[in-house]
Amino acid sequence: MPFKKVSVIGLGYIGLPTAAVIASRGIEVVGVDINQHAVDTINAGEIHIVEPDLDIVVRSVVTVGKLRATTTAEPAEAFMVAVPTPFKGDDHSPDLSYIEAAAKTIAPVLEKGNLVILESTSPVGATEKMAGWLKEYRPDLSFPQDKGDSADIKVAHCPERVLPGYVLQELVTNDRVIGGMSKACSDRAVELYKTFVKGECIITGARTAEMAKLTENSFRDVNIAFANELSVICDKLKINVWELIKLANRHPRVDVLNPGPGVGGHCIAVDPWFIVNSCPDEARLIEQARLTNDAKPHYVIEQITKAADEFKRPVIACLGLAFKADIDDLRESPALQIVSDLADKNIGEIIAVEPNIDALPKKLADKGIAFASLESALDKANVVVVLVDHQEFKSADRSQFAAKVVIDTRGIV
Ligand code: SAJ
């Protein structure tokens, strides 16, 4: 049966692009968010997050009336939950309260035959928990944990896997892992994803789908940790790590990733902890990778402090604040952490350069950090720290770096 109306719960970095892409296929989409500002912005045809081309798609689907945002749920044939799954406090245990709140929001409008999909990256067992909450709020309906294929409500986990900066492409072209709580749940979820996904939709169980997503990001984290560890070893052994990796990668079965100032964003630095939290005695390598990557910003700060020590009045230019290249996203950014911690150490004048934002975040400006263009920062600095491999830095004239002490965490200079 084709879908006429779909509801997306949570209109953030994943929910909004997903809602817009489904709406662009001619399906009526109602987005639900607790943030009134986000709802008003979307209904005005605008966006409250940064993602290339998203503004164009949202404007067009809102204009033709296919996408609407609201703060209260309304009936639909399918509900896609794309809410945050952060940690509880500092102990890295997952906080599922947003998923529980989403279940509470949609429960009153659920009808027999509906499909509920959890898209949020979640620890193993979260989809079953969500189905449990739905059952608690709607004891009049049957759910797959009790009735399998014949349940009134179908429930599946289909983790998002899109790369920030390429979300609109990857939403359509990536393969999707579809983890239904029963075969019928998976089949119905595939019907929904087929309306906008060109990649393959591969069916599995909900728990395996949850673990698949965590595995993808942990795989990347462990591999980046390997590269970061190598970079520290190479510093000690006086070997250029970039040359070393290039050489090692000539081997047909070796593909070492790039070291950096640490791992940022709120996926790779978060998701591996969900595995560690559920199997602390077994997930030793995964935990160590997290610790290795989290230690890297401190190592970079030590390097900068040593370099600054050589100057009477050090001026330190920090190139980049975003968590990775060519985006404006500063969330969980190791570059931001380094610049902020450096200012606290009071070792010299700090100039931050970030071509993808218009002004320094207040927290940094209040610490006395200056904000400048690349040219003016390079002009004044005696220590230059490359924290992000933005295009603007890669294409800068190399002579501008001459006669400076350069700490290049990304290997571009
Ligand atoms: N990084 C390195 N060295 C590398 C690659 C990355 O230091 O060789 C750093 C980046 O600078 C950044 C961090 O790792 O600080 C994460 O960047 P990323 O580009 O690896 O990943 P994200 O966080 O933008 O997106 C990831 C993607 N997952 C994988 O590639 C396995 C994306 O597909 C997921 O959808 C996303 O997490 C998510 O939402 O989970």
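What follows is a short chat about a predicted model and its ligand.

Student: What do I need to know about the model and its numbering?
Tutor: This is a predicted model, where local features need pLDDT of at least 70, side-chain atom pairs count only at pLDDT 80 or more, and totals for chains, interfaces and linings use all residues. Residues are numbered from 1 along each chain as its sequence is written, and side-chain values use heavy atoms, with hydrogens and water left out.

Student: OK. Which residues come nearest to the ligand?
Tutor: Glu-160, Val-162, Lys-213, Arg-220 and Asn-258 come nearest, out of 20 residues around the ligand. A residue is near a molecule if one of its heavy atoms lies within 4 Å of it.

Student: How far is the Glu-160 side chain from a ligand oxygen?
Tutor: An N or O atom in the Glu-160 side chain is 2.6 Å from an oxygen atom of the ligand. A polar contact is a pair of N or O atoms within 3.5 Å. Within protein, one atom must be able to donate a hydrogen and the other to accept it, and residues adjacent in sequence count only if both atoms are side-chain atoms.

Student: And what are the distances for Arg-161 and Lys-324?
Tutor: For Arg-161, a polar backbone atom is 2.9 Å from a ligand oxygen. For Lys-324, an N or O atom of the side chain is 2.8 Å from a ligand oxygen.

Student: How much of the ligand does the protein bury?
Tutor: The protein buries 89% of the 770 Å² that the ligand exposes when taken alone. Accessible areas come from the Shrake-Rupley method with a 1.4 Å probe; for residues, only the protein chains shown count as cover.

Student: What classes make up the shell?
Tutor: Nine residues are nonpolar, three polar and eight charged. Here Ala, Val, Leu, Ile, Met, Phe, Trp, Tyr, Cys and Pro count as nonpolar, Asp, Glu, Lys and Arg as charged, and the others, Gly among them, as polar.

Student: Which element gives the largest share of the shell?
Tutor: Helix α9 (residues 206-237), with five residues. Helices (H or I, at least four residues) and strands (E, at least two) are DSSP runs, numbered from the N terminus.

Student: Where does the ligand lie relative to the domains?
Tutor: Between domain 1 (5-199) and domain 2 (241-408), because both give residues to its shell. The domain bounds come from an automatic or database domain assignment.

Student: Zooming out, how many helices and strands are there?
Tutor: The chain has 16 helices and 15 strands. Its C-alpha trace spans about 75 × 50 × 40 Å along the principal axes.

Student: What share of the chain is buried?
Tutor: Of its 413 residues, 53% count as buried. Buried means under 20% relative accessible area, exposed over 50%, and partly exposed in between (1.4 Å probe, protein chains only).

Student: New topic: what is phi at Asp-53?
Tutor: Near 70°, a positive value in a residue other than glycine. Asp-53 sits in the loop between α2 (36-43) and α3 (54-63). At 47% relative accessibility, Asp-53 is partly exposed.

Student: And Lys-238, buried or exposed?
Tutor: Exposed, at 74% relative accessibility. Lys-238 is in the loop between α9 and α10 (241-248). Its phi is positive too, about 55°, and Lys-238 is not a glycine.

Student: Where is Asp-329?
Tutor: In the loop between β11 (315-319) and α13 (334-345). Asp-329 is buried, with a relative accessible area of 7%. Its side chain makes a polar contact with the side chain of Arg-331, at 2.6 Å.
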